[in-house]
Amino acid sequence: MSDTHSLDVLIDALRRLPGVGQRSAQRMAFHLLQHDREGARRIASALNEAVTRVRHCALCHTFTEGEICATCQDPRRDAGLLCVVETPADQAALERTGAFNGRYFVLMGRLSPLDGIGPRDIGIEQLLARAADGMLREVILATNFTGEGEATAHVITQALQARGLTVTRLARGIPAGSELEYVDLSTIAHALADRR
């Protein structure tokens, strides 16, 4: 039996983080235990508190400590605009722009049939229920421009348009400051097709 069972468990737990492999997890564990035990205690305490207190907003499905998040409670938000994103991180990125003043719905994932993730697994039913409230003028799909994100946007578009709602998709194209010779061909093709 190993005399470092707790260390092995810590390393295995750290490996659950995205982009963290065995060596990175081991490096983090060794650093915390050797150089920053107080930091390790703070991380453990903060993680325990977040897991205990943070839940999903009853309206938009993002993370919150209350029943309804601050964004959904804000009366200055345009209740007729709903932006659909894959994750709370995507919502935070849109919020940082200051360009959107509507409300959100966070899917908490995207369709991925190869991984066994279907519409019931990502909150599409809750989105459709929210869209049926009669207040929406437009639903903006801000899923990622990956194969799974595009498939998710397509399924949602079909379902919402069948209910008579206006559905739009984020524009895509060539980033400002880019040189055409360095931009991938798919991006150039989409920018040309979606020109205005």
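Modeller: In this predicted model, the protein chain carries 22 positive and 24 negative side chains, and the centres of these two sets lie 3 Å apart. Carbon and sulfur atoms account for 54% of the accessible surface, which comes to about 13,000 Å², while buried residues make up 32% of the 196 residues.

The secondary structure comprises eight helices and six strands, and along the sequence they follow the pattern α-α-α-β-β-α-β-α-β-α-β-α-β-α. The radius of gyration is 21 Å, well over the 16 Å that the globule rule gives for 196 residues, so the protein chain is more spread out than a compact globule. Its C-alpha atoms fill a box of roughly 65 × 50 × 35 Å along the principal axes.

Turning to the part you asked about, the largest nonpolar core has 19 residues, and those with the most contacts inside it are Val-84, Leu-107, Ile-124, Leu-127, Leu-141, Ile-156 and Leu-160. At least two residues of this core come from each of strand E3 (78-85), helix H6 (124-131), strand E5 (138-141) and helix H7 (147-161). If we set aside the neighbours of Ile-124 within four places in sequence, Ile-124 is in contact with Leu-107, Leu-111, Pro-119, Val-155 and Ile-156. Another core, of eight residues, lies apart from the largest one, and among its members are Leu-81, Cys-83, Phe-100 and Tyr-104. In soluble globular proteins, nonpolar side chains tend to be buried together.

Finally, for the protein chain as a whole, among contacts between residues at least 6 apart in sequence, 47% join residues at least 24 apart.

Methods:
Residues numbered from 1 in each chain as written. Predicted model: local features only at pLDDT ≥ 70, side-chain atom pairs only at ≥ 80, totals over all residues. Heavy atoms only, no water. Helix = DSSP H or I, 4+ residues; strand = E, 2+ residues; numbered from the N terminus. Rg over C-alpha atoms; globule rule 2.2 N^0.38 Å. Buried < 20%, exposed > 50% of the residue type's maximum accessible area, 1.4 Å probe, protein only. Contact = heavy atoms within 4.5 Å. Areas by Shrake-Rupley, 256 points an atom, 1.4 Å probe, with all protein chains shown as cover. Lys, Arg positive; Asp, Glu negative; His and termini not counted. Charge placed at Lys NZ, Arg CZ, Asp CG, Glu CD. Core = buried A, V, L, I, M, F, W, Y, C linked by side-chain atoms within 4.5 Å.
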